[in-house]
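The sequence and structure come before the details.

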Amino acid sequence: QLVESGGGLVQAGGSLRLSCVASKNIFNINRMAWYRQTPGKQRELVAYITSGGSTNYADSVKGRFTISADNVKNTMYPQMNSLKPEDTAVYYCNSHPAYISPWGQGTQVTVSS
């Protein structure tokens, strides 16, 4: 139901655009979000977008990440600019709060210094 893609290896300062494709009945819920997780740490909320297009970002990515959604394609994107090594993580999408089960496989983002 949730399929993330677009991750990869990028140098610090670079950019990546991830994608999350969800089934239509999921995408029509109120808020869709991106999360990330590094080994040994809890999954953290990165950003979310409401059905009305409002967005909210974690302080750590504010000004660098932009979340958007294509309701026709049932796809959500974060455009990630000015990437930092601390952005290295597996990125996942889900609702906010996260109640869609199971989670997708995620997509690995690695930022080298």
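The torsion about the S-S bond of Cys-20 and Cys-93 is about 70°, so the disulfide is right-handed. Cys-20 belongs to strand β4 (residues 19-22) and Cys-93 to strand β10 (residues 89-95), so the pair ties together parts that are 73 residues apart in sequence. The model is a predicted one, in which local features need pLDDT of at least 70 and side-chain atom pairs count only at pLDDT 80 or more, while totals for chains, interfaces and linings use all residues. Residues are numbered from 1 along each chain as its sequence is written, and side-chain values use heavy atoms, with hydrogens and water left out.

The S to S distance between Cys-20 and Cys-93 is 2.0 Å; a disulfide is a pair of cysteine sulfur atoms within 2.5 Å. A search of the whole structure finds one disulfide. Both Cys-20 and Cys-93 are buried (under 20% relative accessible area, with exposed over 50% and partly exposed in between, 1.4 Å probe, protein chains only).

Strands are DSSP runs of E with at least two residues, numbered from the N terminus, and two strands pair if DSSP finds at least two bridges between them. Strand β4 has antiparallel pairings with β1 and with β9. Ser-5 stands opposite Ser-19 in β4, and the bridge partner of Cys-20 in β9 is Met-76. The table lists antiparallel pairs.

| Strand pair | Bridges |
|---|---|
| β1 (residues 2-5) and β4 | four bridges |
| β4 and β9 (residues 75-80) | two bridges |
| β6 (residues 44-50) and β7 | three bridges |

In the pairing of β6 with β7, Ile-49 stands opposite Thr-55 in β7. An open sheet of six strands runs in the order β2-β11-β10-β5-β6-β7, with mixed pairing. Strands β2 (8-11) and β7 stand at its edges, each with a single partner strand, so one side of each is left without a neighbour in the sheet. On average, neighbouring strands of this sheet are turned by 25° against each other, direction ignored (axes are lines fitted to C-alpha atoms, and angles run from 0 to 180 degrees between N-to-C directions).

Arg-64 sits in the loop between β7 (55-57) and β8 (65-70). Arg-64 is buried, with a relative accessible area of 9%. Its side chain reaches the backbone oxygen of Ser-60 at 2.8 Å. Contacts (heavy atoms within 4.5 Å) of Arg-64, not counting residues up to four places away in sequence, include Gln-79, Met-80 and Asp-87.

Technical notes: A polar contact is a pair of N or O atoms within 3.5 Å; within protein, one must be able to donate a hydrogen and the other to accept it, and residues adjacent in sequence count only if both atoms are side-chain atoms.
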